[in-house]
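Keep the viewer open and follow along.

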Amino acid sequence: FATVWESIADRIPDATAVVQGKTRRSWRELDERAARFASFLARQGVGHDGKVALYLYNSPEYVETCFAAFKRGAIPINTNYRYLEDELVYLLENSDAEVLVFAGSLGERVARVRERIPRVRALVQVDDGADLVPGAVFFDDVIASHPAEPRFARPEGGTYMLYTGGTTGMPKGVMYDASAFCAGMLLGHGVRGLPVPTTADAIAPAVEALVAKGLAPRTIVCCPLMHGTGLWIGAMVTMHLGGTVILLEGTHFDSDELFGTVERERATDLVIVGDAVAKPMLRAIEEAEARGKPWDLGSLAMISSSGVMFTSEVKQALLRRHDMMLFDIMGSTEGGMGSNITTRANATETAKFNLNPNVKVFSDDGCEVAPGSGEIGMIATTGNVPIGYYKDPEKSERTFRTVNGVRYSFPGDYASVAADGPITLLGRGSACINSGGEKIFPEEVEEVVKLHPAVYDCLVVGVPDERFGEAVTA
């Protein structure tokens, strides 16, 4: 990542890389600040595959810290800003974090755990108005007091890691080959119908041409950078296109702030998490229309979504307001599985995806599910399969396993396969409800309930039942 982004910064130094409110970083500034922070990391002894934890809200410093870690050959560790003390200690210990970069507003939690994280050698506080935590240094003071670390040739390989959201058990670090993962972020070129660069040297010239033609995306990241959807699709894919990563200022999603930012920055892309973001967006659009002052959506060309169901009804309501591409991605921290593209001319069904070429669906006995059979199976993806879970060989063996000589990732999602090839996502097996021996996937029930006009959103769970074991409850 560092080598690619450095080459882009050399080609388009004056183009805008990151925006948040009045803060704007050109590609030259982004590279310079990351190099200075990398120099600080070097002085802290952070080297190849070292760990730098980010306990931050969305901010330019989040992107700068990731870039700086990559410059050192180190690994940025995403740390959920909702974590309280015990969860924070667990993740910092499990990841072997050596430096912690944190938001000042989260400083009280950091101060309370300081004595419990002896491996962490330095605390760096992003100044958001809070008092400096004892023993910490301000991020901007680090930038001002350190020279830019000289660039150096980096070997291919190494490790990139992202911690899962911990929906089943404690969060787990999913390890990827860093070079292969970096190359995977070039998917943004292909989605836009552009030639995908096939070598690292070809990326910067391709990006320079996009910027010259005014085709580089201006992407608002509507979800946290601490999760894969925000960091991978929102930041990394955008940066691989020489685009601008636009961050909202609020620590909670606000649709009015979003659309005000769309108008001000002439954003071309939004990255969201399904209906969890799309429904509040739609409601804000409707309220603005009712006020007689509709938002100007004219600059938007694409909305990309992953992580939560993006229902067809919400998609169609958005498309009635503005003609654009809705790119719905089915994936997890452990690998991408499928996608669909919805436009005014091409409607799609909720939870129905076209499989990526490297994805199959297997039954519990290891046989590939036949299209149109109605059989339910587990989705498996090959290709850029993760190396494994950090420090968890047993879980790695269960999730990343070989079938017929091919290594697959089995994130735990179940699906059926239509006769013509697309799959219908049913949900995560760990959440499956067993009622009288019948397997019931909560997501299927949720999507039906949400079709009722009186229902805005719902959650379906299994609760103990004397007769059936579990009862389906919304």
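## The largest cavity

The largest cavity has a volume of about 90 Å³. A cavity here is a set of points on a 1 Å grid over the protein atoms alone where a 1.4 Å probe fits but cannot get out, and lining residues have an atom within 4 Å of a point. Grid points are joined across faces, edges and corners, and the volume is the space filled by probe spheres set on the points. The lining has 14 residues, and those closest to the centre are R192, I233, V237, D269 and S304. Helix 8 (187-191), helix 10 (228-240), strand 12 (269-272) and strand 13 (302-306) each give two or more residues to this lining. Helices (H or I, at least four residues) and strands (E, at least two) are DSSP runs, numbered from the N terminus.

By class, the lining of the largest cavity splits into eight nonpolar, four polar and two charged residues. Ala, Val, Leu, Ile, Met, Phe, Trp, Tyr, Cys and Pro go down as nonpolar, Asp, Glu, Lys and Arg as charged, and the others, Gly among them, as polar.

## About the model

This is a predicted model: local features need pLDDT of at least 70, side-chain atom pairs count only at pLDDT 80 or more, and totals for chains, interfaces and linings use all residues. Residues are numbered from 1 along each chain as its sequence is written, and side-chain values use heavy atoms, with hydrogens and water left out.

## The whole chain

The protein chain has 15 helices and 27 strands. Its radius of gyration is 22 Å, close to the 23 Å that the globule rule gives for 474 residues, so the chain is as compact as a globular protein of that length. (That radius is taken over C-alpha atoms, and the rule is 2.2 Å times the number of residues to the power 0.38.) Along the principal axes, the C-alpha atoms fill a box of roughly 65 × 55 × 45 Å.

Of the 474 residues, 54% count as buried, meaning under 20% relative accessible area, with exposed over 50% and partly exposed in between (1.4 Å probe, protein chains only). Among contacts with a separation of 6 or more, 63% come from residues 24 or more positions apart; contact means heavy atoms within 4.5 Å.

## More spaces to look at

In total there are five cavities of 30 Å³ or more. The second largest cavity comes in at about 70 Å³, and its lining includes N78, Y83, Y163 and H227. That lining has four nonpolar, six polar and no charged residues.

Pockets are the open counterpart: open sets of points with protein on both sides within 12 Å along at least five of seven lines. The second largest pocket has a volume of about 690 Å³. Of its 30 lining residues, F1, T3, P155, E156 and S179 are the closest to its centre. Helix 1 (2-11), strand 8 (159-163), helix 7 (178-184) and helix 9 (200-212) each supply two or more, and helix 7 gives the largest share, four residues. The classes here are 16 nonpolar, nine polar and five charged.

## Strand 1 and its partners

Strand 1 (residues 16-20) is mostly covered, with four of its five residues buried. Strand 1 pairs with strand 2 (residues 23-26) in the antiparallel sense over four bridges; two strands pair if DSSP finds at least two bridges between them. T16 sits opposite S26, and two residues separate the strands of this hairpin, where G21 takes a positive phi near 60°. Strand 1 also runs parallel to strand 11 (residues 244-247), joined by three bridges, with V18 partnered by V245.

Strand 9 (residues 173-177) and strand 19 share two bridges, and V174 has Y389 as its bridge partner.

## Two helices

A35 lies in helix 2 (residues 27-43) and counts as buried, at 5% relative accessibility. Beyond its neighbours within four places in sequence, A35 contacts K71, P147, A148 and E149. A35 and R151 are 116 residues apart in sequence, yet 8.2 Å apart in space, C-alpha to C-alpha.

In helix 13 (residues 312-321), the buried residues include V314, A317 and L318. Helix 12 (274-290), strand 13, strand 14 (325-332) and strand 15 (335-342) are among the elements covering the buried residues of helix 13.
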